[in-house]
Amino acid sequence: MSVFVSNLLEGKAAFVTGGGSGIGAGIAKRLAKQGAKVAVLGRKLEKLEAVAKEITLAGGTALALAADVRDYPALEKAVNDAAAAFGRLDILVNSAAGNFLAPAAALSANGFKSVIDIDLCGTFNASRAAFQHLAKQGGTIVSITATQAFVATPLQCHAGAAKAGIEKLTRDLALEWARMGIRVNAVAPGPIAGTEGMSRLAPPGASDETLRKMVPLSRWGTIDEVCEAVIFLVSPAGAYMTGATLLLDGGTSLLGPGPFLDMMGG
Ligand code: NAP
Ligand code: COA
C-alpha cells in the first residue's frame, strides 16, 4: 500500500534497468501504479514480458526490452525505442546488477571486471543514453546501490567497489546535469526479503532468526519500502534533492559487516 497518491507520475515515462525481477520489477510496477508509462530492460526477454504483462493487465502501459547494459549500442537503442514509444523519458532507474560471494584472493580479474562492468559501467551507460531525453523537459535518475559501498564487507570487494563508484558517479552527474534540470540520486538498501540478492549473499547456514538479530530494526526490508524511497526521489516531494544517497537498511550498516565477518575464516 503506497503512501503516495496514485496519479503522482501521470504523463511521465520511465525506464528501469534490471526491471525483470526483484527490486527492479517492484519499482517498475510501482512507477506504473503511480501513473508512469514504464519500459523494463534486462537480458532475458521472458522475465521482462511477464512484468510488462502484469503492468498492462493492471491498466498501465509497459514495454519489455532485452539488452545487456554492458553493450552500449544495444542499450542506447533500447532507451531511444522507449522514448520514441512513450514520446518522452522523465525517469531512469538503474537497478541492473550482478553479485556473488567470492574471497578477493580467489576472485579472477574477469570476475571483478564483470561486476564493475554491469553495475558501474552499466549505470553510466544507461544514464548517458537517457541524458538527451531527460534533458528535453528535465528528469530524474535513481540508481540502486548497497551498503557495501561504504561498509567494508568481506567476499564482496567487486560489488562494494562498483556500488561505491555508482555513488560517486551519482554526485558527479548530479553536479554536471543540475543546470539541465536533471536530478540524480541513489538508494542504498540493506537486506531486502524475497530477492535474488538475499538468496545469493546471505551467509549460508545462518537461520533467519540469527540474521534478523543483526538488523537493529529486527527484520528484513521489503521491496515495497525500496519503492517508497524511489517514488519519493522521483516525485515533486524530492524536487530539491540531488546528489544524495538514501540509506534504507534498518540500521544494518551501523553495525559494520555483521555476519559476513564469520565467513572469512581464519
Ligand atoms: P535481481 O532480481 O537479480 O535483479 C537484478 C536484475 O538485473 C535482474 O533482473 C537481471 O536480469 C538484471 N541484469 C543483470 N545483469 C544484467 C546485464 N548485464 N544487463 C542487463 N540487465 C542485467 O536482484 P535484486 O536482489 O532484486 O537486486 C536489484 C538491485 O538491488 C541490484 O542493484 C542490487 O545490487 C540492489 N540491492 C539488492 C539488495 C537485496 O537485498 N536484494 C540489497 C542492496 C542492494 P537478467 O539476468 O535477465 O539480465
Ligand atoms: N564466484 C567467483 N567467480 C565467479 C562467480 C562466483 N560465484 N560467478 C561468476 N564468476 C566469474 C566467472 O568465473 C568469470 O570469470 P572467469 O572468466 O575468470 O572464469 C566471470 O565471473 C564472469 O562470469 P560469467 O558467468 O561469464 O558472467 P556473466 O556476465 O554471464 O554474469 C554474473 C554476471 C557473474 C554477475 C552473474 O552472477 C549474473 O548474471 N548475475 C545477475 C543476477 C544477480 O547477481 N543478482 C543479484 C544482484 S545483488
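Modeller: An angle between axes counts as roughly parallel under 35 degrees, roughly antiparallel over 145, roughly perpendicular from 65 to 115, and oblique otherwise. The model is predicted, so local features need pLDDT of at least 70 and side-chain atom pairs 80 or more, while totals for chains, interfaces and linings use all residues. Residues are numbered from 1 along each chain, chains are lettered from A and ligands numbered from 1 as written, and side-chain values use heavy atoms, without hydrogens or water.

The part is helix α1, residues 22–33 (a DSSP run of H or I, at least four residues, numbered from the N terminus). α1 packs against α8, residues 223–234, at about 55°, with the axes 9 Å apart (lines fitted to C-alpha atoms over the stretch in contact, angles from 0 to 180 degrees between N-to-C directions). The two helices are therefore oblique to each other. From α1, Gly22, Ile23, Gly26, Ile27, Arg30 and Leu31 touch α8, contact being heavy atoms within 4.5 Å. Their partners in α8 include Ile223, Val226, Cys227 and Val230.

Ile23 also belongs to the surroundings of ligand 1, where it is among the closest of 28 residues, along with Ser21, Arg43, Asp68 and Thr195 (a heavy atom within 4 Å). A polar backbone atom of isoleucine 23 is 2.8 Å from an oxygen atom of ligand 1 (a polar contact pairs N or O atoms within 3.5 Å). For serine 21, a side-chain N or O atom is 2.6 Å from a ligand 1 oxygen. Serine 95 uses a backbone N or O atom, 3.0 Å from an oxygen of ligand 1.

Notes:
A polar contact is a pair of N or O atoms within 3.5 Å; within protein, one must be able to donate a hydrogen and the other to accept it, and residues adjacent in sequence count only if both atoms are side-chain atoms.
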